[in-house]
Amino acid sequence: MHTILLTGGAGFIGSHLTRLFVTKYPEYKIVNLDKLTYAGNLENLKDIEDKPNYHFVKGDITDLALVRQLFKEHQFTAVLHCAAESHVDRSITDPLAFINTNVVGTASLLQAAKEFWGTDFSNKIFYHISTDEVYGSLGETGFFTEQTAYDPRSPYSASKAASDHIVRAFYHTYHFPVKISNCSNNYGPYHFPEKLIPLCIHNIINNKPLPIYGKGENVRDWLFVEDHARAIDVIFHKGRIGETYNIGGHNEWTNIALVKELCKQMDEKLRREKGTSEKLITYVKDRAGHDLRYAIDATKLKNELGWLPSLQFEEGISKTIDWYLNNKEWLDEVTSGNYQKYYAKQYDGV
Ligand code: NAD
Ligand code: TYD
């Protein structure tokens, strides 16, 4: 039995995680604490919002008084911490927002949990969801393992690295019941169209340029978001306290190859002439400090807990494109208003 404080449940990964836990564990109570920033959207949870074991609280994880009050009210036995500022490009223009939410916010959750749990950690879990970007950038070979030294290079990854360190410090100092996972790039339904894949899907639909940073040679390891949620479920229930688990897709793509695959599949689905969408590819100024390559070695998770990704990439991408084509209202809604301003500033007329 668990009563779980799940943070950031209205975001991309958080909404999949909330859906999985609310439906798979009807005996658990899930309280979703989300500030509803530009990236949070309650439409992402429409299908489960009326479930009796689900509650939503609009609020900020940095608000320690609120978090303390929620612990008192709901008597949480676990925290699934997903809330974050998550977009590298935004961290380049506004680093303090990332330090505030990702570092101070994580510390405030730890502090409230520590005050409430005292030293009785039986049946308690503080699960911190993190990223492979904390390890920095790989060259053309090699993989990130759980032993790889941290070397974050963007304000986003540095803020996530700092939060990982604080979580680990609570384990070493207070024997706090922490678990951490560091995952590679996710894709799938409800992904906000500021990130590469949903941005390109949205632009292909609307015949707009597909902005590729630099030469498009940077490599990312893509994992279907539901597979990430499944991995978190397994680690939450069976992973060892104090341990870190890497989660990855064994699925490396250069950005340009990935966008070409998207173009190919979308031409077919939209019944456009072969090669139509590729003409939209536009090379733009590179991201500052752009990490060359991320690739995860997820052997520990496979050997210890038996987790493997369930979907091949071509199938996952096809499912993802279909979701966006069938949910144009969602896409229109999230790309109206402030999104337009963000886009104009970020892509400077492209
Ligand atoms: P997202 O940006 O889609 O969602 C973040 C959610 O957190 C939003 O609902 C937002 O409203 C909420 N939030 C932001 N600041 C908050 C605050 N101060 N208080 C309360 N709620 C707040 O992010 P995502 O892509 O779903 O990422 C979720 C987590 O997974 C993050 O911790 C991220 O670092 C990690 N992660 C993401 C990826 C990826 O590819 N997207 C990969 C590995 C790890
Ligand atoms: P992104 O989806 O922002 O994830 P992350 O930076 O966290 O890996 O970007 C994925 C890759 O795509 C990254 O190498 C940057 C690149 N990219 C572009 O080339 N153009 C874009 O418009 C965006 C958003 C990203």
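Me: How far is a polar side-chain atom of Arg287 from an oxygen atom of ligand 2?
Reply: This is a predicted model, and in it that distance is 2.5 Å. Arg220 also has a polar side-chain atom by an oxygen of ligand 2, at 2.7 Å. From the backbone, an N or O atom of Pro211 lies 2.8 Å from a nitrogen atom of ligand 2.

Me: And how much of ligand 2 does the protein bury?
Reply: 98% of the 510 Å² that ligand 2 exposes when taken alone.

Me: How many residues surround it, ligand 2 I mean, and which are the closest?
Reply: There are 18, and the closest are Glu133, Arg220, Arg287, His290 and Tyr347. By class, that shell has seven nonpolar, five polar and six charged residues.

Me: Which element gives the most to the shell around ligand 2?
Reply: Strand S8, with three residues. S8 covers 210-213, and helix H3 (88-93) also supplies at least two.

Me: OK, switching to ligand 1. Which residues are closest there?
Reply: Ile13, Asp34, Ser86, Tyr156 and Lys160, out of 29 that surround ligand 1. The split by class is twelve nonpolar, twelve polar and five charged.

Me: What are the polar contacts of ligand 1 with Lys160, Gly11 and Thr37 like?
Reply: An N or O atom in the side chain of Lys160 sits 2.6 Å from an oxygen atom of ligand 1.

Me: Where does the largest share of the shell around ligand 1 come from?
Reply: From strand S5, with three residues. Helix H1, helix H5 and strand S7 each supply at least two as well.

Me: Last one. Why is helix H6 largely enclosed by the rest of the structure?
Reply: Because nine of its ten residues (the helix is 196-205) are buried. Among them are Pro198, Cys200, His202 and Asn203.

Me: What follows H6?
Reply: Asn207, which has a positive phi, near 55 degrees.

Methods:
Residues are numbered from 1 along each chain as its sequence is written. Chains are lettered from A and ligands numbered from 1 in the order in which they are written. This is a predicted model: local features need pLDDT of at least 70, side-chain atom pairs count only at pLDDT 80 or more; totals for chains, interfaces and linings use all residues. Side-chain values use heavy atoms; hydrogens and water are left out. Buried means under 20% relative accessible area, exposed over 50%, partly exposed in between (1.4 Å probe, protein chains only). Helices (H or I, at least four residues) and strands (E, at least two) are DSSP runs, numbered from the N terminus. A residue is near a molecule or strand if one of its heavy atoms lies within 4 Å of it. A polar contact is a pair of N or O atoms within 3.5 Å; within protein, one must be able to donate a hydrogen and the other to accept it, and residues adjacent in sequence count only if both atoms are side-chain atoms. Accessible areas come from the Shrake-Rupley method with a 1.4 Å probe; for residues, only the protein chains shown count as cover. Ala, Val, Leu, Ile, Met, Phe, Trp, Tyr, Cys and Pro count as nonpolar, Asp, Glu, Lys and Arg as charged, and the others, Gly among them, as polar.
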